[in-house]
Amino acid sequence: MRIAQRLSRPAAGGAMVEDDLPGAGSMHPPSPEQALVLAAIERFMADPDLALQGQPAGEGDAGDVLSAILRALTMVLPLEEIELAVTGLLTVHCDRLDDDTQLVLEALLTAIERDDDEMALDTLLASEASLLEANALDGNYLLVWDPAEAPPLREMEILDVLERYPCRGEAARWNCDDFVALLEGKILQWRKTMVALEILQEQPGTRPAASTMVLLVPEDPAAPLEQLEVGVTLSPPPPGSSGAASARSLPD
């Protein structure tokens with residue numbers, strides 16, 4: 001049996017893709033979107049310093065190359081098309097890509113899936129502006145985002161959070177230090193919100209920074225719980241009212 005030889009050539013942008021010689025069978029070449037993905041990978045892998053352009057001195061590292069590739073691609077393609085192109089390269093053209101390119105593509109797909117989750121959460125939080133504001137003003141309740149619950153975003157008393165999401169035992173997805181960090185973050189953001197509320201009462205036309213904390217419960221039961229600081233837009237208090245009257249303080 002005669003096995004046809006395979007030659008390697010740079011694809012669009014230089015990422016290594018193998019070509020079949022005549023007689024070895026045919027395979028569709030990368031689509032224009034896939035070629036753009038390969039070109040972006042080649043560009044930033046060849047010159048990682050490009051990822052640091054526009055960032056303050058001393059910030060950024062090699063890990064920023066992946067973010068830079070994704071940013072560059074989203075300037076010319078919707079995220080959905082980038083995901084389709086990356087998936088197609090990994091499934092249809094995987095045997096024609098070098099190992100380094102495959103690793104970058106896999107990392108890109110993971111980053112895109114994470115971005116999808118973050119955008120879904122951002123959309124949810126934006127639709128719950130009133131709940132976020134109420135929680136920012138209330139020091140006795142914690143916000144929890146859990147897609148397995150209905151509704152996925154809800155307020156819970158501190159002790160209820162510990163009961164629902166224990167810090168110890170086989171089912172624990174965080175530890176006591178994580179819980180303490182969440183409480184400390186809540187206290188800090190509540191105090192900042194109280195200052196913002198006073199500023200807003202004195203200067204109703206301003207938009208002082210306020211925020212609260214959200215406990216994130218990933219759908220993957222093996223994934224650890226996460227914490228997120230979320231910015232909040234405060235509504236101007238009614239004329240003549242005391243802003244502090246609408247706030248509930250944290251217990252000592």
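This is a predicted model: local features need pLDDT of at least 70, side-chain atom pairs count only at pLDDT 80 or more; totals for chains, interfaces and linings use all residues.
Residues are numbered from 1 along each chain as its sequence is written, and side-chain values use heavy atoms, with hydrogens and water left out.

The strand around that opening pair is β3, residues 141-145, which pairs with β5, residues 210-216, in the parallel sense over three bridges; two strands pair here if DSSP finds at least two bridges between them. Helices (H or I, at least four residues) and strands (E, at least two) are DSSP runs, numbered from the N terminus.

Both strands belong to an open sheet of four strands with mixed pairing, in the order β4-β3-β5-β6. The edges are taken by β4 (153-157) and β6 (226-232), each of which has a single partner strand, so one side of each is left without a neighbour in the sheet. On average, neighbouring strands of this sheet are turned by 40° against each other, direction ignored.

Across β3, β5 and β6 lies helix α7, residues 176-202, running at about 160° to β5. For such angles, axes are lines fitted to C-alpha atoms, for helices over the stretch in contact, and the values run from 0 to 180 degrees between N-to-C directions.

The C-alpha atoms of Thr-193 and Ala-136 are separated by 6.6 Å, although the two residues are 57 residues apart along the chain. Thr-193 has 0% relative accessibility and therefore counts as buried; the term means under 20% relative accessible area, with exposed over 50% and partly exposed in between (1.4 Å probe, protein chains only).

On the strand side, Met-213 is found in β5 and, at 8% relative accessibility, is also classed as buried. Not counting residues up to four places away in sequence, Met-213 touches a set of residues including Leu-143, Leu-182, Gly-185, Lys-186, Gln-189 and Leu-228. Its C-alpha atom is separated by 8.8 Å from that of Leu-183, 30 residues apart along the chain.

Let me turn to the charged residues. How many salt bridges does the structure hold? There are two, a salt bridge being a side-chain nitrogen of Lys or Arg within 4 Å of a carboxyl oxygen of Asp or Glu.

Asp-146 forms a salt bridge with Arg-164, with the closest N and O atoms 3.8 Å apart. Because Asp-146 lies in the loop between β3 and β4 and Arg-164 in helix α6 (residues 158-164), this pair ties together parts that are 18 residues apart in sequence. Asp-146 is buried at 3% relative accessibility, whereas Arg-164 is partly exposed at 37%.

Glu-149 also forms a salt bridge with Arg-164, here with the closest N and O atoms 2.7 Å apart. Glu-149 lies in the loop between β3 and β4, so its pairing with Arg-164 in helix α6 ties together parts that are 15 residues apart in sequence. Glu-149 is partly exposed, with a relative accessible area of 27%. Through shared partners, the salt bridges join Asp-146, Glu-149 and Arg-164 into one network.

Notes. Contact means heavy atoms within 4.5 Å.
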